[in-house]
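Subject: Structure handover

Hi,

Here is the structure I promised to pass on.

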Amino acid sequence: MSTILIKNGTVVNDDSQQRADVLIKDGIIVDVQYNISVGDGEDVEIVDATDKLVIPGGIDPHTHLQLPFMGMTAVDDFESGTRAALAGGTTMIIDFVIGDKSEGLIKSWQKWRGWADPKVCCDYGLSVAVTKWSPEIAEEMEELTKPEYGVNSFKFFLAYKGSFMINDSEFFEAMQQCSKIGALARVHAENGSAIEKKQQELLALGVTGPEGHTQSRPEELEGEAANRACVLAAQANCPLYVVHVMSKPAAKAIAEHRVKGHVVFGEPIAAGLALDGRGYYDKDWDKAASLVMSPPLSRDPSTPEALMDLLASDQLQVTGTDNCTFQCCQKRQGLNDFTKIPNGVNGLEDQMSIVWEKGVHSGKLSPMRFVAVTSSTAAKIFGCYPRKGRIAPGSDADVVVWDPKRTRVISQSTHHQKVDYNVFEGMRVHGVAEVTICRGKTVWRDGQLSVEKGTGRYVPLSPFNDFVFGTINRKKEMSRPVNVVRDLPSHTLRPAAQEGSKSPRRSLENKDYLADTTNFTRSNQTG
């Protein structure tokens with residue numbers, strides 16, 4: 001690997017920023033200080049970052065690349081998806097393993113590794129979805145947390161009844177298992193049973209277009225499910241991560257439980273921070289269908305700004321994309337039935353610029369908070385910090401030279417994803433990745449990608465991460481059940497029946513028994 005020296009930039013971490021150079025050797029950051037010099041004979045690639053920021057590469061903790069879903073497969077695979085990520089300044093993803101119910105969790109994990117390893121262009125981790133419950137599944141979950149598998153989070157669906165959804169009893173038991181094995185529980189929070197009924201009612205009324213999708217999933221159902229998930233997680237003493245927080249009610253539930261001291265994290269996504277749900281009523285069916293995702297975009301136009309405010313105040317903690325892309329022709333599977341439109345939107349390439357535009361450029365986030373919500377907090381939650389998510393000696397050389405003043409117009413015609421539309425089409429954003437360095441190699445510069453598929457690596461993620469589990473054991477001690485040992489009052493007891501008695505049991509006609517009961521009742525009434 002070559003040596004890279006980034007000169008004259010402002011290094012931004014989640015807790016500080018300073019004028020400094022950054023020296024990279026063999027894929028690792030080896031020095032961060034002002035005015036670094038190198039030997040005359042050394043082969044060094046110089047990157048001039050004058051008037052630019054030098055930040056940790058973005059981490060997208062929520063992607064679905066080449067996911068088989070609703071009878072189709074997402075068009076962006078591990079190659080096109082991660083290439084697009086690098087062009088936008090994201091250098092690591094965490095993808096979801098959502099296998100067929102007939103397969104075990106480990107077999108599904110192996111399948112995803114087989115898909116990803118030959119194709120990925122950046123580092124990646126895996127989170128595994130649990131879509132059915134049994135003692136065998138619990139054992140597989142524990143096995144997957146071992147170093148050879150490196151899984152430290154599991155996802156549960158409270159939606160998609162009949163496919164991915166599990167019931168509350170199963171969810172609660174699974175979270176107890178997560179707490180036991182040191183894994184983070186991640187939840188898709190919606191009320192699947194209510195949604196199914198509303199879908200049937202709308203279709204019966206002749207509402208078949210994409211507008212039916214949002215009407216069948218009112219945000220109150222997301223709020224209810226988010227609150228329910230938080231309550232159950234607290235009872236299970238399990239840390240919880242609510243994915244794709246799309247509405248004010250869901251965000252409010254998370255904030256309220258965090259105030260109570262519960263370990264809960266909330267993840268808004270790029271689409272929810274930039275768009276609202278009015279597009280579901282667009283006359284253009286393809287445009288409306290392109291926005292179909294679950295939970296849907298909020299129909300309240302003030303929601304995107306409200307979610308950004310909650311990110312700024314740490315009531316929500318990290319951003320993702322829920323990137324799951326289907327071509328227009330795939331979406332048209334649901335032309336006459338909105339429940340058959342494949343769910344998913346793009347965002348992997350555009351997330352960093354979207355969050356900068358709506359957060360930093362609007363004055364809501366500082367550059368340090370931007371680094372926190374797009375990179376370092378995810379690294380901390382999933383246990384790969386400071387290897388990832390920080391510009392410091394010893395950290396992986398996943399670095400972005402970020403131009404805060406440069407603008408670009410987002411368009412399907414220029415993006416690097418395979419999908420044939422872009423939900424952010426025509427949006428002008430400030431903040432652009434000028435140079436992306438991944439694993440110590442410059443892979444994006446001057447608007448050009450230079451990366452080979454398969455050069456990314458799988459990153460095992462360890463259980464019992466202190467950032468997530470730091471208070472869990474103590475909470476368990478403090479909530480240990482209390483058992484009161486008592487001496488029963490003697491006057492409420494009768495001697496055992498004498499030998500030869502007709503019956504060993506008391507009779508309601510027994511006057512002494514009735515007297516005892518009466519006295520006991522009176523004492524309760526007066527006390």
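Some ground rules before the details. This is a predicted model, where local features need pLDDT of at least 70 and side-chain atom pairs count only at pLDDT 80 or more, while totals for chains, interfaces and linings use all residues. Residues are numbered from 1 along each chain as its sequence is written, and side-chain values use heavy atoms, with hydrogens and water left out.

Salt bridges

Side chains of opposite charge can pair when their charged atoms come close. The structure holds 31 salt bridges, each being a side-chain nitrogen of Lys or Arg within 4 Å of a carboxyl oxygen of Asp or Glu.

One of them pairs Asp-123 with Arg-439, at 3.1 Å from N to O. (Helices, H or I with at least four residues, and strands, E with at least two, are DSSP runs numbered from the N terminus.) Asp-123 is buried at 0% relative accessibility, whereas Arg-439 is partly exposed at 24%. For those words, buried means under 20% relative accessible area, exposed over 50%, and partly exposed in between, with a 1.4 Å probe and protein chains only.

Lys-388 also forms a salt bridge, with Asp-398, and the closest N and O atoms are 2.7 Å apart. Both residues lie in the loop between α14 (367-381) and β15 (399-409), 10 residues apart. Lys-388 and Asp-398 are both buried. Salt bridges that share partners join Asp-123, Arg-387, Lys-388, Asp-396, Asp-398 and Arg-439 into one network.

Another pair to look at is Arg-258 and Asp-314, whose closest N and O atoms are 3.7 Å apart in a salt bridge. Arg-258 is in helix α8 (residues 248-259) and Asp-314 is in the loop between α11 (303-312) and α12 (328-331), so the pair ties together parts that are 56 residues apart in sequence. Arg-258 is partly exposed at 27% relative accessible area, and Asp-314 is partly exposed at 33%.

A buried asparagine

Asn-323 is found in the loop between α11 and α12. With a relative accessible area of 0%, Asn-323 is buried. The side chains of Asn-323 and Gln-417 are joined by a polar contact of 3.3 Å (a pair of N or O atoms within 3.5 Å; within protein, one must be able to donate a hydrogen and the other to accept it, and residues adjacent in sequence count only if both atoms are side-chain atoms). Leaving aside neighbours within four places in sequence, Asn-323 is in contact (heavy atoms within 4.5 Å) with several residues, among them His-62, His-64, Val-345, Leu-348 and Gln-417.

Cavities and pockets

The terms first: on a 1 Å grid over the protein atoms alone, a cavity is a set of points where a 1.4 Å probe fits but cannot get out, a pocket is an open set with protein on both sides within 12 Å along at least five of seven lines, and lining residues have an atom within 4 Å of a point. Grid points are joined across faces, edges and corners, and a volume is the space filled by probe spheres set on the points.

There are three cavities of 30 Å³ or more. The largest cavity holds about 150 Å³. Of its 17 lining residues, the closest to the centre are His-64, Phe-69, Tyr-160, Asp-322 and Asn-343.

The largest pocket has about 460 Å³ of space. It is lined by 24 residues, with Ser-179, Ala-236, Asn-237, Lys-476 and Ser-479 nearest its centre. At least two lining residues come from each of α4 (168-181), α7 (219-236) and α16 (472-478).

The second largest pocket is about 290 Å³. Its lining has 15 residues, and Tyr-160, Lys-161, Gln-199, Arg-217 and Thr-339 are the closest to its centre. Helix α5 (residues 192-204) gives the most to this lining, with four residues.

Cheers
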